[in-house]
Amino acid sequence: MTTIEVTEDAIRQTRELRDEFQRFLREYEFGMREVETKISILRDEFLHDHAYNPIEHVKSRLKTPDSIVEKIARKGIDEPDFERIREEITDIAGVRVTCSFVADVYQLFDLLTQQDDITVRVVKDYIAEPKANGYKSLHAIIEVPVFLSTGPLLVPVEVQFRTIAMDFWASLEHKIYYKFSNQVPSHLVESLSDAAEAASELDARMERLHREAHGVPRRQLPPPPPRVVQV
C-alpha cells in the first residue's frame, strides 16, 4: 500500500482553489437571480396592468462542477483556467421561461432583451427553425450586470423561452433519450417527430381559442431578427 504525504502547502493550495471555484459559481448564481428578478417584475406588471399572466412558470439551474468539467472535456479546452471557462462556456447559469403562447414567447423576449442593462450575445431561434428532431424553443445568451463589492461584473446567462407544449415535448424527449442512452429505436424517433408536429398544432389551436374567447386580435409578433445566430 502506497502512502502519499500531503503537505500543509498542498492543503492550502487546494483550499484556495476550492474557495476560488465557489466564488466563480456565485457570480453566475447572482447573474441568474438578476434575470429571475427581471422576469418576475415583468410578470407582476402584466398581472396588475393587463390582468393577464403570459408566464406559466420559471425554472433556473446552475451547472454543477461535474457538469462544467464534462463540458470542458467535450469542448476540448486545454489547460482551462477560470477566464477561459468564462469565455468558452456561456450556459453555466440558465433560466427557462415557460409561456402560455408562442406570441408571449417573443413578446417576453423583446421586453427582457430591450432593457438598457441587458446585452444579447447569441440568439438561437428553434421556433422559427426547429431542430431536425422537432425540438422548439427560443434560446438567448444574455449578459447582465452584477454589482459586487469589488465592482460591477457582466455575467452570461442562458435564457430559454418556450410554450407549455414545447416544454412537455422536450421533457419527454429528454427522458426517452436518457432511458436508451441516446440510442433511441427508430420507431420512437419517428413518434417523437410526429408528437412535435402535434404539439405545434396544439400551440396554434390553443392560441386561436384564447383569442376568440377573449376577443383578442391576432398578435403581429414575428420572430425578432437575431443579433447573433448560431445554429
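Predicted model: local features only at pLDDT ≥ 70, side-chain atom pairs only at ≥ 80, totals over all residues.
**View 1. Helix α6 and the elements it packs against.** The buried positions in α6 are L192, A196, A199, D203, E207, H210 and R211. An α-helix has 3.6 residues a turn, so residues three or four places apart point the same way. Helix α6 itself covers residues 186-214, and its 29 residues reach 42 Å from the first C-alpha to the last, close to the 42 Å expected at 1.5 Å a residue. After α6 comes G215, which has a positive phi, near 65°.

**View 2. The loop between α5 and α6.** S181, which is in the loop between α5 and α6, has a positive phi of about 50° although it is not a glycine. N182 lies in the loop between α5 and α6 as well, and its phi is also positive, at about 70°, although N182 is not a glycine. S181 counts as exposed because its relative accessibility is 56%, and N182 is exposed with a relative accessible area of 54%.

**View 3. The largest nonpolar core.** This core has 38 residues, and those with the most contacts inside it are V97, I142, V157 and F161. At least two of its residues come from each of α1, α2, α3, β2, α4, β3, β4 and β5, with α1 giving the most, seven residues.

View 4. Leaving aside residues up to four places away in sequence, F161 touches V97, V105, L108, F109, L112, I127, S137 and L138. A second, separate core of eight residues includes Y126, Y135, I176 and V184.

How values were computed
Residues numbered from 1 in each chain as written. Heavy atoms only, no water. Core = buried A, V, L, I, M, F, W, Y, C linked by side-chain atoms within 4.5 Å. Buried < 20%, exposed > 50% of the residue type's maximum accessible area, 1.4 Å probe, protein only. Helix = DSSP H or I, 4+ residues; strand = E, 2+ residues; numbered from the N terminus. Contact = heavy atoms within 4.5 Å. Expected span 1.5 Å × (residues − 1).
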